[in-house]
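User: Hey, I'm new to this and I've got a structure to get my head around. Can you walk me through it?
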Amino acid sequence: MEKVFMKGCEAVAEAAMRAGCRYYAGYPITPQNQVPEYISRKMPKLGGVFMQGESEVASINMIYGAAVGGTRSMITSSSCGLSLMSETIGWLISAELPVVIANFQRGGPGIGDIGPTQQDYFQATKAHSNGGGRMLVMSPGSLQEAIDAVFEAFEKANKYRTPVYIQLDGISGGMMESVMMPDAISDEEVAALKQKAKEEWAVGKMEGRERREIVGGADSGLPLQTLNQKLEAKYLEMEKNEVKYENYLMEDAEYVITAYGIGSRFARAAVNILREEGYKVGMIRPINIYPFPFEAYDAIDYSKVKGILSTEMSIPAQFIHDVQIAVKGRAPVYNYSTSGGVILDAVEIANHAREMMK
Amino acid sequence: MEKTIIMTGIGGQGVKLAGEILCYAACKVDGLQATNYALYGRAKRGGMSDCFVAISDKTITAPVFAKADIVVAFTTETPENPANKLREDTILFMNTPNDVKAEDYGANKFVLFDGQGMADEVQNPKGENMVILGILVGYTNILPEELVLETIFEKLGARHPEFNELNEKAYRYGLEKGKAMLAAE
Amino acid sequence: MKTVYKKPECIGNKKPNSYCPGCMHSIVVRLVAEVLEELNVVNSSVMFAGVGCDGNGAFGYLDIDTVISPHGRALAVASAYKRCNPENVVFTYQGDGDLIAIGCAETMHAANRGENVTVIFVNNAQYGMTGGQMAPTTLAGMKTTTTPYGRDPKADGAPMHVCEILDTLDNPTFLARGTCTDPKNIIQTKKYIKQAFQNQLEGKGFSLGEIVSACPSNWGLSPLKSIDFINEKMLPEYPLGIVRDR
């Protein structure tokens, strides 16, 4: 562990390589270009492979190609780039390939703007591809959490044989923060991970075993319904094990601000402002946004809590839909959101919370 | 204790670099954390350039903020009026050769200086942002002064060790001026 | 008794092929199987099939590790795999729609990077699996289900010549076009395929064998008439031979 001051993009890149990532492909798009730039400098020294794809489409398929051989692989992009990757993300889910995908969100719909947003909530949690496939979606609230999430994402990807999605944003990519960077796993561990994949499921040397086939869909031995039932069992397993959230000053809370990812930092600052003024306000922060932490909202004491303010950097608001489903009408849910690179501001959130509390 | 700083200027003035040096220096202090986020206009040079710095002994909450404890205006010509970034207790550092007044910005605490003029005086015309860093550190004592200088050497001297001497002169000149202004209050 | 001809060991053990009568995919797959055995690389080969008759028919038919790639992306997938696993023999098996319509970018760029992989490209001038729509390789005037009045080069584009297009790039190593209309051509095509694999084993880089093929089902011709069609119409547009050999 070492304390370093790093830019978000570079921290994610460094963490990935320390977590054993030995293949990265990507295509330039603001605001995450420092990821491929950083990895292109360091990956060759680790004996790994960096490739700049001719498009996001090619890049995600390169990831698919590295993953079928059992190489730890990661791809990063931003919003519209993820839209282009959508088809192959479905293939990765269906073919059960353990890769890590990170999205540094910019504006949308369309090319939007390069400003930071949280405009891809539905895309990340509900519809990253056709066919209704799901994957674990992490939403770190700080660069330290982003680094830890990268390590965890590779582990979970391996555990569930699934792509894992890290939902970041333009602020997290561009901002610098002091972080503790974990030590790298050893070359031996990296080799052992690949070897294990080769033994269990990856394609390569066929000696001493039957042929394997990998396809993002029904294969010659597995009808689609059977495959989808198998995948669903995995989603249910994740829903059981991977719920992750934070309660902040919730014990005596009469009002709740709820936010996730980068938005939660401004929400936390707003809670602090309001607490200093004597308001009993707490925060619920989903850390994984799929599976969504419904239990956090079930645990609210609705005899005490009189209102919930959901805040995010997306117009129209998207995260609020899951909040409403979770709250089930037990308290009124209010919205305050920004978009188009307009960054949430703690003072503004506090103002909206005071409105709610009137 | 969380300290927030907004450095505001126009592209090419070294606003971002000054903010980064403060953060790198803060990280050298045990127990301190820092965040830094730069916002630019579309133009690489001459466009808006705001740099948000937060330094704290706890995990930093918001890395971007509309108003801050300290606002450092690298010029009076910023696209957005720095007055918008001030709270009642904000210290506004204003770098300009012109005779502007605290009242022009509604600032209750106001530190006026001519960074370019000072940089010229120490024969380092490109060292304006070093002067500004010096004044900020000298006046607020936000970080140990020698630690900031050490960081300047590290971050700028790595590629251009030949500028270390000039940068030190500009920084120390700012530092003394900052301390003197504080003492004069 | 001496065996002079038999089915390659790595073919059709798990699943019969699902190709139509007169389709040349089955011959091409067989040639690939023979070459892999002759080069003694069956166990270390990985096939990256496309989507279309190329992927579907070959799926499970060749008894080697197989990856089906999203439509058009086989060369992006294979490039990354080969870079991470240089010890494996990697080939894509793609049709014309997969390789040069939807996969045009992936093909051009893998060739331009000179990836050390082998490409088996089956050109039957239309989309077979989806029922005979126009492909980039469809001949001028040729009727397909989406060019019911014949392909009009002014409106629908002219036939694309993959070997010649790739020959404009610096990095490809080997580009050759064969067909499977008669034993002589089948033997010649096998030589091209073998060289395309041999090059990979020697680390020489991007090698592509194009095979001008028949689709009797969608052409609406008997297998024999399809061979006439190739000889009379296809080969003048797609001349046989080596386009590049470095």
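Analyst: One term to start with: two residues are in contact if their C-beta atoms, placed from the backbone, lie within 7 Å. This is a predicted model, where local features need pLDDT of at least 70 and side-chain atom pairs count only at pLDDT 80 or more, while totals for chains, interfaces and linings use all residues. Residues are numbered from 1 along each chain as its sequence is written, and chains are lettered from A and ligands numbered from 1 in the order in which they are written.

User: OK, which chains share the most contacts?
Analyst: Chains A and C do, out of the 2 pairs of chains in contact.

User: And what about B and C, how far apart are their nearest C-alpha atoms?
Analyst: They are 31 Å apart, and chain B and chain C do not touch.

User: Back to A and C. How many residues does the contact take from each chain?
Analyst: It takes 33 residues from chain A and 28 residues from chain C. On the chain A side, the elements giving two or more residues are β2 (23-26), β3 (49-52), α3 (56-68), α4 (80-94) and β9 (213-214). The largest share, 9 residues, comes from α3(A).

User: Which strand of chain C pairs with β9(A)?
Analyst: That's β2(C), residues 65-68, and the two pair in the parallel sense over 2 bridges. Two strands pair if DSSP finds at least two bridges between them. Ile214(A) stands opposite Val67(C) in β2(C).

User: Now A and B. How many residues are in that contact?
Analyst: The contact takes 18 residues from chain A and 18 residues from chain B. On the side of chain A that touches chain B, α10(A) gives the largest share, 5 residues. By class, that side divides into 9 nonpolar, 4 polar and 5 charged residues.

User: Do strands run parallel or antiparallel where β8(A) joins β2(B)?
Analyst: Antiparallel, with 2 bridges joining β8(A) to β2(B), which covers residues 33-40. Met176(A) stands opposite Asn36(B) there. Both strands belong to an open sheet of 8 strands with mixed pairing, in the order β1(A)-β8(A)-β2(B)-β3(B)-β1(B)-β4(B)-β5(B)-β6(B).

User: Which are the edge strands?
Analyst: β1 of chain A and β6 (109-113) of chain B, since each pairs on one side only. At the chain A end, 6 bridges join β1(A) to β8(A), and these two run antiparallel. Val4(A) stands opposite Val179(A) in β8(A).

User: Switching topic: which residues have the most contacts inside the largest nonpolar core?
Analyst: Val100(A), Val150(A), Ile257(A), Ala270(A) and Ala80(C), in a core of 239 residues. A nonpolar core is a set of buried Ala, Val, Leu, Ile, Met, Phe, Trp, Tyr and Cys residues joined through C-beta atoms within 7 Å. Buried means 20 or more other C-beta atoms lie within 10 Å of a residue's own; exposed means 12 or fewer, and partly exposed is in between, with C-beta atoms placed from the backbone.

User: What does Ala80(C) touch?
Analyst: Not counting residues up to four places away in sequence, Ala80(C) touches Tyr23(A), Ala25(A), Met51(A), Met62(A), Ile63(A), Gly65(A) and Ala66(A).

User: And Val100(A), which way does it point from β5(A)?
Analyst: Val100(A), Ala102(A) and Phe104(A) point one way, while Val99(A), Ile101(A), Asn103(A) and Gln105(A) point the other way. Next to that, β4(A), residues 73-77, pairs with β5(A) in the parallel sense over 5 bridges. Ile101(A) is the bridge partner of Ile75(A).

User: Last one: how is chain A divided?
Analyst: Into domain 1 (2-198 + 228-240) and domain 2 (245-357), with bounds that come from an automatic or database domain assignment. Their C-alpha centres lie 27 Å apart. The contact takes 24 residues from domain 1 and 22 residues from domain 2.

Note on methods: Helix = DSSP H or I, 4+ residues; strand = E, 2+ residues; numbered from the N terminus. Nonpolar A, V, L, I, M, F, W, Y, C, P; charged D, E, K, R; others polar.
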